[in-house]
Every structure is written in C-alpha cells, then in structure tokens.
Amino acid sequence: MPKAQQADICCYVILAMAGVKPDMSWSEATNEWIRIHDIIQFVNTFYDMGYAENSRETFRKQALHRFRTAALIEDNGKATNSPNYRYRLTEETVQILRTMGTPKWKEYIKRFLCYHEKLIDLYASKKKMTMMPVNINGESFKFSTGKHNELQKAIIEEFAPRFAPNSECLYVGDTIEKNLVKNVEKLKELGFEITLHDKMPDVVLYREDKDWIYFVESVTSVGPMDPKRILEIEEMTKDVTAGKIFVTAFLDFKTYKKFAEELAWETEVWIAEMPEHMIHLNGDRFMGPR
C-alpha cells in the first residue's frame with residue numbers, strides 16, 4: 001500500500017469491516033455488508049476514537065476507494081447515493097486476515113498478489129502512462145500531467161521555435177520533479193547567482209546568436225511577470241550581461257484577461273491557443289506601419 005493507505009484511519013476501516021474488536025482474534029474476522037456510517041460507529045465505540053459523521057468523505061476517499069481499487073473490498077453495486085449502498089471485504093481478504101500470524105498467512109498473501117497488482121505498483125504504472133512526452137534540447141523527457149506542465153510543454157515546443165529560434169533550454173521544472181532540466185554550469189557562466197531560496201522562472205531559454213535570455217513564467221493560476229517578480233529576477237541575475245526578455249505565457253485568452261492588469265510594462269505575453277502571435281507591453285518600441 002502507498003503511505004497514505006497505511007494511515008490509522010485505513011487500519012480502523014479494515015478492523016471495522018472485519019468486525020474485529022480489541023479483545024478478539026484475527027481468526028474471528030467476518031465480511032458482513034457495511035455502510036460508512038457503521039464503520040465510523042464501530043471505530044468510535046470499540047477503539048475509543050472520535051470521528052465525526054462529516055468525516056465520511058475522508059473514509060471514502062482515503063480508504064474505501066483505494067481498497068476497492070486494490071481488490072481488498074467490494075461494493076454491492078447500488079448507486080453511491082442510495083441508502084442501501086454497502087461495502088464488504090472480499091473472500092480473499094478475509095482469508096488473509098483470518099490466517100494473520102499463522103504459517104498460512106504468507107501463502108494467502110502470495111496467492112493474492114498473484115492475481116492482483118499491489119496498489120503502489122498500480123498507481124506508479126498509471127502515473128507512467130499519463131506522463132506527457134516533451135522534447136527539450138533534442139532529448140526526450142516526460143512531464144507529469146496537469147495544466148501547468150501542458151503549458152510548459154507548449155512554451156518549449158511551440159513558443160521557442162517561433163520566438164526564440166535555436167535557443168537552448170537552460171532550466172525547466174516539472175510540477176513533481178522541480179529541476180527537470182537545470183544547466184547550472186551555463187547559468188553560472190552567464191552570471192546567475194543561484195541559491196536554494198531563489199524561485200527560478202518556470203522556463204529559462206538562452207539564444208546564443210543574439211545573447212538573449214528569455215525568462216518565461218507559465219501561468220495557469222498564479223505567478224505572472226508583475227513588477228515584483230521582475231525585481232526578484234533582476235536581483236537573481238544582477239551579474240548577467242545578456243539581454244533579458246520577460247515573458248508571461250498563458251494557455252488561453254480567458255486566463256490572460258484575468259491577469260492583464262497585473263502584468264509589468266516592458267514584458268511580453270504569449271498565449272498558447274494563438275501561438276503565432278505575441279502581445280508586447282512595450283510602449284512605442286513596436287509602433288509604426290507594418
């Protein structure tokens with residue numbers, strides 16, 4: 001089981017579903033149909049806990065849903081909002097519990113694992129399947145799923161070829177693996193002072209032919225290039241002599257509108273749903289007939 005399913009609340013669920021009270025032995029385990037309400041009552045009564053009725057959702061999400069995925073328990077197939085909706089331990093689980101502490105226990109565990117994947121492996125493979133492939137500096141990497149990483153993938157694969165051609169990605173983080181790509185040597189060579197306390201921009205690109213560095217923030221809910229953020233990056237890069245370009249990237253125009261008033265002047269905006277265009281908050285620099 002993953003760590004979250006080794007918590008006390010999950011252990012109490014198994015005890016309640018098996019009907020095992022503190023003075024009973026595992027060999028007396030049963031698998032009667034039971035409601036979440038009954039589980040809470042059992043645990044509070046026989047194990048002196050104080051779970052409230054409104055904690056049912058925690059029991060359901062942290063224990064019951066996970067145990068059902070792992071084939072430890074089953075439901076009776078009724079609609080989840082039905083007053084007759086019930087859970088019970090599977091026959092295999094009851095056999096495992098009844099033989100706890102006996103020589104047969106390992107045999108039943110082994111048999112169970114022959115037919116059912118461990119929950120921790122199940123989640124790991126599920127996570128693996130949903131990873132997003134992304135090409136960074138000609139190499140294949142994988143991002144975990146989610147809007148933030150979806151936008152970072154677009155920055156690297158859509159924004160960079162259009163607006164930072166032939167650039168090298170010096171830094172990009174994943175929402176789970178913070179420093180997915182981090183070229184510390186090159187960053188230091190360019191004058192970066194990186195400490196553990198610095199919050200790097202989401203994506204840093206370097207275009208050698210122009211000697212330009214692009215600092216790109218991937219914004220889905222927080223963190224646009226506002227004046228405060230510009231000052232933070234300026235402080236972190238005070239020894240960098242390359243030209244600095246500050247970009248806020250959004251997935252769509254709707255999200256951009258939400259943050260439009262916060263954006264700093266002299267910065268750029270790129271919107272993934274309109275990848276061919278940029279918005280320049282730059283006064284008269286781009287004014288004139290085209």
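**Entry 1: surface and overall form**

How much accessible surface does the chain have, and what share of it belongs to carbon and sulfur atoms? I looked this up and found about 17,100 Å², with 52% belonging to carbon and sulfur atoms. Accessible areas come from the Shrake-Rupley method with a 1.4 Å probe, and for residues only the protein chains shown count as cover.

I note that this is a predicted model, in which local features need pLDDT of at least 70 and side-chain atom pairs count only at pLDDT 80 or more, while totals for chains, interfaces and linings use all residues. Residues are numbered from 1 along each chain as its sequence is written, and side-chain values use heavy atoms, with hydrogens and water left out.

I then looked up the dimensions. The C-alpha trace spans about 85 × 40 × 30 Å along its principal axes. The radius of gyration of the chain is 27 Å, whereas a compact globule of 290 residues would have one near 19 Å. This radius is taken over C-alpha atoms, and the globule rule is 2.2 Å times the number of residues to the power 0.38.

I recorded 10 helices and 11 strands in the chain. Helices (H or I, at least four residues) and strands (E, at least two) are DSSP runs, numbered from the N terminus.

Of the 290 residues, 40% are buried. Buried means under 20% relative accessible area, exposed over 50%, and partly exposed in between (1.4 Å probe, protein chains only). Among contacts with a separation of 6 or more, 52% join residues 24 or more positions apart. Contact means heavy atoms within 4.5 Å.

**Entry 2: charges and cysteines**

I looked up the charged side chains and found 40 positive and 44 negative, the centres of the two sets lying 7 Å apart. Lys and Arg count as positive and Asp and Glu as negative, while His and the chain ends are not counted. The place of a charge is taken as NZ of Lys, CZ of Arg, CG of Asp or CD of Glu.

How many disulfides does the structure hold? I found zero, a disulfide being a pair of cysteine sulfur atoms within 2.5 Å. The sulfur of Cys11 has its closest cysteine sulfur in Cys10, and the separation of 6.8 Å is too far for a bond. Cys11 is partly exposed at 42% relative accessible area; for Cys169 I noted 3%, so Cys169 is buried.

Why is helix α1 (residues 8-18) described as largely enclosed by the rest of the structure? The reason is that nine of its 11 residues are buried. These are Ile9, Cys10, Tyr12, Val13, Ile14, Leu15, Ala16, Met17 and Ala18. They pack against α2 (36-46), α3, β1 (73-75), β2 (87-89) and α4 (91-98). Just after α1, I found Gly19 with a positive phi of about 65°.

I next turned to Ala63 in helix α3 (residues 56-69). Ala63 is buried, at 0% relative accessibility. Not counting residues up to four places away in sequence, Ala63 touches Cys10, Val13 and Thr58. Ala63 and Ile9 are 54 residues apart in sequence, yet their C-alpha atoms are 7.5 Å apart in space.

Is Val219 buried or exposed? Val219, in strand β8 (residues 212-219), is buried at 0% relative accessibility. Beyond its neighbours within four places in sequence, I listed contacts with Leu151, Pro224, Thr248, Ala249, Phe250, Leu251, Thr255 and Phe259.

Leaving out residues up to four places away in sequence, Ile233 touches Pro201, Phe215, Met225 and Phe246. Phe246 is 13 residues from Ile233 along the chain, and their C-alpha atoms are 9.4 Å apart.

**Entry 3: backbone angles**

Most residues other than glycine have a negative phi. Asp211 sits in the loop between β7 (203-207) and β8, and is partly exposed at 32% relative accessible area.

Glu266, not a glycine either, has a positive phi of about 65°. Glu266 lies in the loop between α10 (253-259) and β10 (267-271). With a relative accessible area of 49%, Glu266 is partly exposed.
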